[in-house]
Amino acid sequence: MFRNMISILGEVSGERALRHMHKTLLDSEEGSMILRETPRISSKTIDLQKLKSLPEGTVGKVYHNFLEQNKVSPDSRLPVQFVDDVELAYVMQRYRETHDLNHAVLGMPTNMLGEVTVKWVEAFHTQLPMCFGGALFGAMRFRSKQRQKYITRYLPWAIQTGLNSKPLLCVYFEKRWEQPISELHKELNIVPLEPV
């Protein structure tokens, strides 16, 4: 229920951000292709068994491993309901459907620390008010040990990554399943956060 409310908030409060995201996609060759072809990410459109069979370290295998380890499904995202403009509605849907891919590419789990970190990166890339809100208010829920990790490692990394990396929204993931994740990181200017 709470997740549904957040999704609705994102739709009704984010028109300016959606226009920014749409322009970001248009300004990118790959992003423009995404807008033309309007791919969807679900268990009906993605061959999860094929992703499972890919070599370790490829984008598809990293995504598959993320789904399995975190017990999430590409079908868990609600359809957009409150955005009237068809293209902007698709942009919001694409953002939702690539959220777990963002986690996988950034190497972040689905725990609160990982969610807040991903939200910061997404906030800089998308300018969605709900991403900034999730990043700010989610951090308030940290216990002291989490807060220390967040302030010293995760937050500085998220800000640097959000400001310096190319937008994840412009990645046509479905055409990159076999690409080594290290190459994608280099192309997007993402320096993975090293585990401690």
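**Figure 1. Asp100 in helix α6 of the predicted model.** Asp100 is a residue of helix α6, where helices (H or I, at least four residues) and strands (E, at least two) are DSSP runs numbered from the N terminus. The model is predicted, so that local features need pLDDT of at least 70 and side-chain atom pairs count only at pLDDT 80 or more, while totals for chains, interfaces and linings use all residues. Residues are numbered from 1 along each chain as its sequence is written, and side-chain values use heavy atoms, with hydrogens and water left out. Asp100 counts as buried because its relative accessible area is 5%; buried means under 20% relative accessible area, exposed over 50%, and partly exposed in between (1.4 Å probe, protein chains only). Leaving aside residues up to four places away in sequence, Asp100 touches Tyr63, Phe66, Leu67, Val72, Ser73, Ser76 and Arg77, a contact being defined by heavy atoms within 4.5 Å. Met33 is 67 residues from Asp100 in sequence, and the two C-alpha atoms are 21 Å apart in space.

Figure 2. On a 1 Å grid over the protein atoms alone, a cavity is a set of points where a 1.4 Å probe fits but cannot get out, and lining residues have an atom within 4 Å of a point. Grid points are joined across faces, edges and corners, and a volume is the space filled by probe spheres set on the points. Rolling a probe the size of a water molecule over the atoms shows where empty space is left. The volume of the largest cavity is about 50 Å³. Its lining consists of Tyr95, Thr98, Asn102, Glu122, His125, Thr126, Leu168 and Leu169. Helices α6 (86-106) and α7 (112-126) each contribute at least two residues to this lining. By residue class, the lining of the largest cavity comprises three nonpolar residues, four polar and one charged; Ala, Val, Leu, Ile, Met, Phe, Trp, Tyr, Cys and Pro count as nonpolar, Asp, Glu, Lys and Arg as charged, and the others, Gly among them, as polar.

**Figure 3. Thr58 in the loop between α4 and α5.** Thr58 is placed in the loop that joins α4 (48-53) and α5 (59-70). Thr58 counts as buried because its relative accessibility is 6%. When residues up to four places away in sequence are not counted, Thr58 touches Trp177, Glu178, Gln179, Pro180 and Ile181.

**Figure 4. Ser32 in helix α3.** Helix α3 contains Ser32. With a relative accessible area of 15%, Ser32 is classed as buried. Ser32 touches Leu25 and Leu26, residues up to four places away in sequence being excluded. The C-alpha atom of Ser32 is separated by 17 Å from that of Ala17, which lies 15 residues apart along the chain.

Figure 5. Thr38 lies in the loop between α3 (29-37) and α4. The phi angle of Thr38 is near 40 degrees, a positive value in a residue other than glycine. Thr38 counts as partly exposed, at 38% relative accessibility. Gln127 is found in the loop between α7 and α8 (129-139). For Gln127, phi is near 65 degrees, again a positive value in a residue other than glycine. A relative accessible area of 42% makes Gln127 partly exposed.

**Figure 6. Gln146 in helix α9.** Gln146 belongs to helix α9 (residues 144-164). Gln146 counts as buried, at 18% relative accessibility. Between Gln146 and Pro74, 72 residues apart along the chain, the C-alpha separation is 28 Å.

Figure 7. The chain has 10 helices and zero strands. The C-alpha atoms fill a box of roughly 45 × 40 × 30 Å along the principal axes. A compact globule of 196 residues would have a radius of gyration near 16 Å, and the chain agrees with its 16 Å; this radius is taken over C-alpha atoms, and the globule rule is 2.2 Å times the number of residues to the power 0.38. Of the 196 residues in the chain, 48% are buried. Among contacts between residues at least 6 apart in sequence, 70% join residues at least 24 apart. The accessible surface of the chain is about 10,600 Å², with 56% belonging to carbon and sulfur atoms; accessible areas come from the Shrake-Rupley method with a 1.4 Å probe, and for residues only the protein chains shown count as cover.

Technical notes. On a 1 Å grid over the protein atoms alone, a cavity is a set of points where a 1.4 Å probe fits but cannot get out, and a pocket is an open set with protein on both sides within 12 Å along at least five of seven lines; lining residues have an atom within 4 Å of a point.
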